[in-house]
Amino acid sequence: MAAEIVNPRSDSESRNGHQDPESGAEPLDSFDPAFALHRGGKMAVQATVPIRDKDDLSLAYTPGVAKVCSAIAEQPDLVHDYTWKSQVVAVVTDGTAVLGLGDIGPEASLPVMEGKAILFKQFGGVDAVPLALSCTDVDEIVETVVRLAPSFGGVNLEDISAPRCFEIERRLQERLDIPIFHDDQHGTAVVSLAALRNAARLSGRALGELRAVISGAGAAGVAIAKMLVEAGIGDVAVADRKGVVSRDRGDLTPIKAELASFTNKAGLSGTLESALAGADVFIGVSGGTVAESAVASMAEGAFVFAMANPNPEVHPEVAHKYAAVVATGRSDFPNQINNVLAFPGIFAGALQVRASRITEGMKLAAAEALASVVGDDLAADYVIPSPFDERVAPTVTAAVAAAARAEGVARR
């Protein structure tokens, strides 16, 4: 692999705060372990080759490096073999939709982007570089990433607000021949589908027998709806702040109009709560709170995936009164829908075969592979594996690589 993500600080350096020289105040490190861990950042670059003497230096840098540069100039594809390009991902954000914090800007987003980078390394063996951009204009973001692309084998778009994220991803994939993946959309969708597949298997039902309702028509909600339809869900309706997204609404954005064209076959209208009556599945990616009475109106043996953080749309204690399977986005409850189950393996598989893009088939393969890890241990409190299950990334990686070859986007 390319440069390893490490933190060169000693334990004492990590945990001992430094007094503010101007105010004399105690540092935040002294009473909050999160600050102590983050001091100095969570990652660094480490060389993968030694430079012990002048011979090493002459090979790693001048004059030896000139031979490699000249070879790549003559045969551009050699860049994948003789640089880190094919093993490294750019994690790109503009800081406009950071976790549950919203538009906090590029600098404030960096701790999250560093975290994303070390998750790539820890769970998928993929190197990643956080890039927080000081621009929010769609054209500027696209042009910036296009100009940076020669250094990377893929681009993970992160925490960019909707609806701009849809256009940015589309335009970048049109212009670049490397995988472009907006994790807030597709990572969430892959893990949600995997959990839903296993919930359906547990109940002895097929996806085609289920009617789902999604709360939230942003990046995650739209992507989940698309993936459920691709996977063969019986029907799915999506609700935004104004109610169910339906063709008869006159206030739909282009993205929501497209969404209405392939969802809500039942022709539902009105509120989210009314749509939940008789529904088999609730998927929450919006925040807010769903009334207990609406959850109680769902079909017997329903599934509730309330994924808002830190406060699920339906608290698990309430959901368990009515639902056969309950999942959240939190690590302190069973069945955590966590994107880290998907994106490291998806990128590892795509990079392994030098895929030019990540297709719908590759994402569906990732979901099926992730669901398969649970195997015979399937239970109501175990429909999705733990991020720390060492089988996850290799299984997803292999499935994605195979799907890339089958779909004709692999280049090795």
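Predicted model: local features only at pLDDT ≥ 70, side-chain atom pairs only at ≥ 80, totals over all residues.
Me: What span should helix 9 have, and how far apart are its ends?
Reply: Helix 9 covers residues 183-203 and should span 30 Å, which agrees with the 29 Å between its end C-alpha atoms. The expected span is 1.5 Å times one less than the number of residues in the helix. Helix 9 is followed by G204, whose phi is positive, near 75 degrees.

Me: And H186, is that buried or exposed?
Reply: H186, which is found in helix 9, counts as buried because its relative accessibility is 10%. The side chain of H186 makes a polar contact with the side chain of E169 at 2.8 Å. A polar contact is a pair of N or O atoms within 3.5 Å; within protein, one must be able to donate a hydrogen and the other to accept it, and residues adjacent in sequence count only if both atoms are side-chain atoms.

Me: Which residues does H186 touch?
Reply: Leaving aside residues up to four places away in sequence, H186 touches E169, F181, A223 and K363, where contact means heavy atoms within 4.5 Å.

Me: Switching topic, how many salt bridges does the structure hold?
Reply: There are 24 salt bridges in the structure, each being a side-chain nitrogen of Lys or Arg within 4 Å of a carboxyl oxygen of Asp or Glu. One of them joins K116 and D183, with the closest N and O atoms 2.3 Å apart. That pair links distant parts of the chain, since K116 is in helix 6 (residues 106-124) and D183 is in helix 9, 67 residues apart. Both K116 and D183 are buried.

Me: What about R175, which residue does its side chain meet in a salt bridge?
Reply: The side chain of R175 meets that of E143, at 2.4 Å from N to O. R175 lies in helix 8 (residues 164-175) and E143 in helix 7 (residues 138-148), so the pair ties together parts that are 32 residues apart in sequence. R175 is partly exposed, with a relative accessible area of 45%, and E143 also counts as partly exposed, at 26%.

Me: Last topic: which residues touch the most other members of the largest nonpolar core?
Reply: They are L172, L196, L228, F305, I346 and M362, out of 106 residues in that core. Helix 16 (residues 360-374) gives the most to this core, with 10 residues. A nonpolar core is a set of buried Ala, Val, Leu, Ile, Met, Phe, Trp, Tyr and Cys residues joined through side-chain atoms within 4.5 Å.

Me: What does I346 touch?
Reply: Not counting residues up to four places away in sequence, I346 touches F181, V190, I358, A366, V396 and V400. A second, separate core of 20 residues includes V244, L272, V290 and V295.

Key:
Residues numbered from 1 in each chain as written. Heavy atoms only, no water. Buried < 20%, exposed > 50% of the residue type's maximum accessible area, 1.4 Å probe, protein only. Helix = DSSP H or I, 4+ residues; strand = E, 2+ residues; numbered from the N terminus.
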